[in-house]
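Visitor: Hi, I have just opened this one and would like a walk through it. Could you show it to me before I start asking things?

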Amino acid sequence: QDAQAKLPNVMILATGGTIAGTGADTTTTVGYTSATVGVDKLIAAVPELKKVANVKGEQVFQIASESMTNDHWLKLAKRVNTLLAQPDVDGIVITHGTDTIEETAYFLDLTVKSRKPVVIVGAMRPSTALSADGPINLYNAVLLAGSEDAKGKGVLVALNDQINAAREVTKTNTSTTDTFKSPELGMLGYMQDNRPHFYRQSTRKNTADTEFDISKLDVLPQVDIIYGYANMNRAALDAQVKAGAKGIVQAGVGDGSIAAQMKEPLMQARKKGVIIVRSSRVGQGIVARNGEANDDALDFVASDTLNAQKARILLMLALTKTNDTKEIQRMFYTY
Ligand SMILES: NC(=O)C[C@H](N)C(=O)O
């Protein structure tokens with residue numbers, strides 16, 4: 001009894017994904033159905049959890065993560081903040097589909113107001129598969145969320161025995177279990193021997209140290225992404241601006257370069273008040289301010305090392321505070 005009382009209290013918030021998926025048979029690893037197993041069953045499948053934490057489950061959503069929306073994020077962030085404000089919650093694990101895990105992780109990294117651990121976990125193989133990765137990933141996530149070492153490190157993404165920072169992690173492979181990597185800045189550490197081993201930490205501000213507050217928001221500003229490619233044209237940009245986008249992230253070629261034929265359309269969008277952020281489709285490296293484009297003259301913002309899908313998140317949150325491009329650029333160098 002006493003030993004159990006000394007264990008950390010970890011809440012598991014389930015949102016769906018492949019970790020809760022089921023396939024036709026044990027060898028089905030593609031073509032299965034995501035988000036079918038409930039949180040109680042996920043917990044019951046790993047009896048070892050009880051030895052390392054007092055776990056409680058809550059089904060927040062039951063969706064495949066490709067269908068994650070801003071509304072889901074607002075609801076999830078509010079729930080996480082409410083739970084972490086309770087003295088009887090030491091850490092949170094979120095089970096999530098892997099397709100947008102990096103986006104949800106970064107959204108929470110910017111909006112959770114606590115230094116208690118928040119760990120997001122998923123799986124690449126459905127729960128019914130041979131060598132399903134969900135159970136060990138969930139076990140490690142609960143250990144991590146209950147550990148002292150994970151406090152104050154921002155939102156963590158833990159799969160495949162590795163710990164990555166929300167800002168830096170990305171899905172690098174469509175289907176293998178070693179898909180989550182922080183290819184340019186490196187992972188934070190490993191899960192091994194029933195404990196985390198940390199080697200580094202992100203230098204960017206997160207969680208309790210950010211300026212963003214979603215507690216009173218029911219909707220986020222519309223921000224969309226346009227993708228760079230040879231022979232790019234303005235159709236997607238114009239459609240997004242017409243549909244009411246307040247911000248556009250360009251996942252540009254190379255160092256966020258702007259095609260000659262896109263310069264005028266982007267300038268026109270900016271004149272209409274739309275904030276333009278230059279990111280890159282490359283996936284690694286800095287998009288430098290005033291590098292491949294004169295951001296000062298164009299009044300654009302450079303994404304620094306954020307990929308386009310994460311730049312979209314920071315721009316949405318930035319737009320809840322300001323429309324000033326200098327301020328928004330500061331935020332891109334802060335978070
Ligand atoms: N491995 C997965 O979880 C993929 C799934 N499509 C999802 O993101 O929900």
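This is a predicted model: local features need pLDDT of at least 70, side-chain atom pairs count only at pLDDT 80 or more; totals for chains, interfaces and linings use all residues.

Visitor: Let's start with the ligand, then. Which residues are around the ligand?

Guide: The residues around the ligand are G17, T18, Y32, S34, A64, S65, E66, G97, T98, D99, A123 and M124.

Visitor: And how far is a polar side-chain atom of T18 from an oxygen atom of the ligand?

Guide: That distance for T18 is 2.9 Å, counted from a polar atom in its side chain to an oxygen atom of the ligand. Taken on its own, the ligand has 270 Å² of accessible area, and the protein covers 93% of that.

Visitor: Which pocket is the space taken by the ligand?

Guide: The ligand takes up the space of the second largest pocket.

Visitor: Okay, switching topic. Where is L42, and is L42 buried or exposed?

Guide: L42 has its place in helix 2, which covers residues 39–44. With a relative accessible area of 10%, L42 counts as buried, because the cut-off for buried is under 20%.

Visitor: What does L42 touch?

Guide: Leaving aside residues up to four places away in sequence, L42 touches I19, A20, V37, T95 and L138. For one of these, I19, the C-alpha atoms of the pair are 8.3 Å apart in space, while L42 and I19 are 23 residues apart in sequence.

Visitor: Now N140, please. Where is N140 found, and which residues does N140 touch?

Guide: N140 is found in helix 6, made up of residues 134–145, and, with residues up to four places away in sequence not counted, N140 touches D161 and M191. The relative accessible area of N140 is 8%, so N140 is buried.

Visitor: Last one: what about P221, where is that?

Guide: P221 is in the loop between strand 10 (195–198) and strand 11 (223–227). Although P221 is in a loop, P221 is buried, with a relative accessible area of 18%. P221 touches K246, M316, L319 and T320, again not counting residues up to four places away in sequence.

Visitor: How far apart are P221 and N307?

Guide: P221 and N307 are 19 Å apart in space, C-alpha to C-alpha, and 86 residues apart in sequence.

Conventions: Residues are numbered from 1 along each chain as its sequence is written. Side-chain values use heavy atoms; hydrogens and water are left out. Helices (H or I, at least four residues) and strands (E, at least two) are DSSP runs, numbered from the N terminus. Buried means under 20% relative accessible area, exposed over 50%, partly exposed in between (1.4 Å probe, protein chains only). Contact means heavy atoms within 4.5 Å. A residue is near a molecule or strand if one of its heavy atoms lies within 4 Å of it. A polar contact is a pair of N or O atoms within 3.5 Å; within protein, one must be able to donate a hydrogen and the other to accept it, and residues adjacent in sequence count only if both atoms are side-chain atoms. Accessible areas come from the Shrake-Rupley method with a 1.4 Å probe; for residues, only the protein chains shown count as cover. On a 1 Å grid over the protein atoms alone, a cavity is a set of points where a 1.4 Å probe fits but cannot get out, and a pocket is an open set with protein on both sides within 12 Å along at least five of seven lines; lining residues have an atom within 4 Å of a point. A molecule sits in a cavity or pocket if more than half of its atoms lie within 2 Å of its grid points.
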